[in-house]
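Hello,

Here is the structure I promised to pass on. Have a look at it first, and then read on for what turned up in it.

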Amino acid sequence: MVETHFKFFKRQPSFLYKNEPEIIFDCPPRISSKKHEIPLYLFIKDFEIYDFFAESVEIQIVCKGKIIAEHSFCEIEKYKIHEKYDLQGFRFIIPKPDLCGKNLFVYPKLKYKIDKKEKIAAVDNINTTAKLPFSVFIAEENYPNDAQKTAKFYDLHCHSSHTNDHIEFGAPVEFIADCADFCGLDGVAITDHSYDICCNPQNYLEKDENFTHWQDLRDECEQKYAVETHLGEEISVMRNGGKAVHLGALGNKNFVIGSADGARKNYKRKLEPSINEAIKSVIDDGGTVFAAHPGEIPNFFHRLFLRRDFWRFCDFKNLEISTIQAVNGNFDKTWRKARNLWIKLLLSGKKISLIAGNDSHGDFNRYRATGIPFLLVSENFERHFGKARTGIYSKNLIDAIKNGQTFITSGAFVDIQIDEKSVISNTAISFEKLPKVVIKSSEEFGKIKKIWLFLGYRKLQKENCVFVNLSEEKYFYSQEISQNLFDNCDYLRVETVCENENGTLSFAATSAVFKR
């Protein structure tokens, strides 16, 4: 979510600044078939410094251009479930219409008083946003899975309210867990910025030697929710050349410091952790690590002023890192760049697996971010919480990531199996029995349109692609791989594309299966 009050100096012009709290509605982009309600969230930030009073909320539900339901909530203080630091969070529940398989549009408004003047905020009160209603898909089925429902699904990169700085802030953990549950996910990883966690909760420009944010975040992640909540961190680490990249960490109990690109005063760059040092700290603490969004190249201003950089092949030399977050929101050009890096690493002999996340800061239904500082907020309606998911073939998330038992998807379930069990792992196998490609989709994500089998050859430093010709497009595919295809290869992997009736494409890719 977008922070609009920060200025470098008091009289600095800012088109985004308003003399009132940030008011932002949000809701899940998808409602699981198991749910009978739709939650709507309201976040009000920096409320304490204003003469502000929230009065009532009105919600319209629209389908195919017609209003099908209207709901009103008065005395909204009783719907508040979070108030901490400078953020309030409200949760409103409305009945789910009996319209499975359809997209609904949710249009919320808040009536409030600021300095005794009555005002209305529709969707949000942020300058330059479109104020369009939220799109919510009412699912008929669970996420595609195998017959035994082996796979579990996670969003492994999202930020909570403990990420709070000059330009953005996240949602409280309890709201993230609630949204994940309604979307149909099994769990989330809360990966707040290390440069935010080390700051004073009351003033993000001041350092906090007690790491209050970390202690609070750890306590919140240990609470019981409807889904798993995994404590994590997005650590700013130094690559060779003195520039910062982001390292994802999961399962570490102790905070790892990293403030290089956080735009904070009085930090000492020489004391910032190197990639190796941060990795060692996390692994020694029982956690696991991943290269965060390696396909993204920082913009000019981030590179110039924050000395922020991007992951390169040489950064993985001699590292105890076995995972990259290849998708950050969408299977777009950043995925293609990360994919190229991943293939290069595989062909060099590194056993690197894939995970996916959405890097949401709140931003459940759409991605809001500062486009041009102090001037413009950009919105991405195709990027939302839970869209890019990590599927795991193990009961334990951390173990699955460490062992490479993962696939990434925005739609279909995809696997490589022997005797109906997944063989995707960093442990090489002998292929005494023929492996099988298994793909399952649903009406929500569409029929299987294309399948590619990739075979990697280290000596030749290349992959061969076998395009699978489909006799017809359907929701399920299962086929053994011929022995002669993988006789001399070092690893194999699968990618697939599905397309639904609206023409929307979804993608999925397995991690590699290594040959002994």
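**An open sheet to start with**

Four strands make up an open sheet, in the order β26-β25-β28-β31, with antiparallel pairing. The edge places belong to β26 (421-422) and β31 (476-480), each with a single partner strand, so one side of each has no neighbour in the sheet. Strand β25 (residues 413-418) and β26 run antiparallel and are joined by two bridges. Ile418 has Lys421 of β26 as its bridge partner. Strands and helices here are DSSP runs numbered from the N terminus, a strand (E) having at least two residues and a helix (H or I) at least four. Two strands count as paired if DSSP finds at least two bridges between them. As background, strands of a sheet pair through backbone hydrogen bonds, either parallel or antiparallel.

Before going further, please keep in mind that this is a predicted model: local features need pLDDT of at least 70 and side-chain atom pairs count only at pLDDT 80 or more, while totals for chains, interfaces and linings use all residues. Residues are numbered from 1 along each chain as its sequence is written, and side-chain values use heavy atoms, with hydrogens and water left out.

**A hairpin and a cavity**

Strand β6 (residues 80-84) and strand β7 (residues 87-95) pair in the antiparallel sense over four bridges. Within this pair, His82 is bridged to Gly89 of β7. The two strands form a hairpin with two residues between them, and Tyr85 in the turn has a positive phi of about 60°.

Where does the largest cavity lie? Its lining includes His82, Lys84, Tyr85, Asp86 and Leu87, together with Lys45, Ser161, Asn164, Phe169 and Pro201. Those lining residues divide into four nonpolar, three polar and three charged. (Ala, Val, Leu, Ile, Met, Phe, Trp, Tyr, Cys and Pro count as nonpolar, Asp, Glu, Lys and Arg as charged, and the others, Gly among them, as polar.) The volume of the largest cavity is about 70 Å³, and the structure holds one cavity of 30 Å³ or more.

On a 1 Å grid over the protein atoms alone, a cavity is a set of points where a 1.4 Å probe fits but cannot get out; a pocket is an open set with protein on both sides within 12 Å along at least five of seven lines, and lining residues have an atom within 4 Å of a point. Grid points are joined across faces, edges and corners, and a volume is the space filled by probe spheres set on the points.

**The second largest pocket**

This pocket holds about 1200 Å³ of space. Its lining has 43 residues, of which Asn103, Phe137, Glu444, Asn500 and Thr504 lie nearest the centre. By type, the lining comes to 18 nonpolar, 14 polar and eleven charged residues. β8 (103-114), β10 (134-138) and β33 (505-510) each supply at least two lining residues, and β10 gives the most, with four.

Strand β33 also contains Ser506, which is buried at a relative accessible area of 5%. Setting aside residues up to four places away in sequence, Ser506 touches Ser410, Gly411, Phe445, Thr496, Val497 and Cys498.

Helix α4 (residues 275-284) has Ile275, Ala278, Ile279 and Val282 buried. Seen down the axis of α4, the buried residues fall within an arc of 100°, so they line one face of the helix; the arc is that of the directions from the helix axis to the C-beta atoms. Lys280 and Asp284, on the other side of α4, are exposed. Buried means under 20% relative accessible area, exposed over 50%, and partly exposed in between (1.4 Å probe, protein chains only).

The buried residues of α4 pack against β15 (228-239), β16 (243-250) and β17 (288-291), where contact means heavy atoms within 4.5 Å. Thr288, in β17, is buried at 5% relative accessible area. Leaving aside neighbours within four places in sequence, Thr288 has contacts that include Val282, Gly248 and Ile398.

In helix α1 (residues 173-183), ten of the eleven residues are buried, so α1 is largely enclosed by the rest of the structure.
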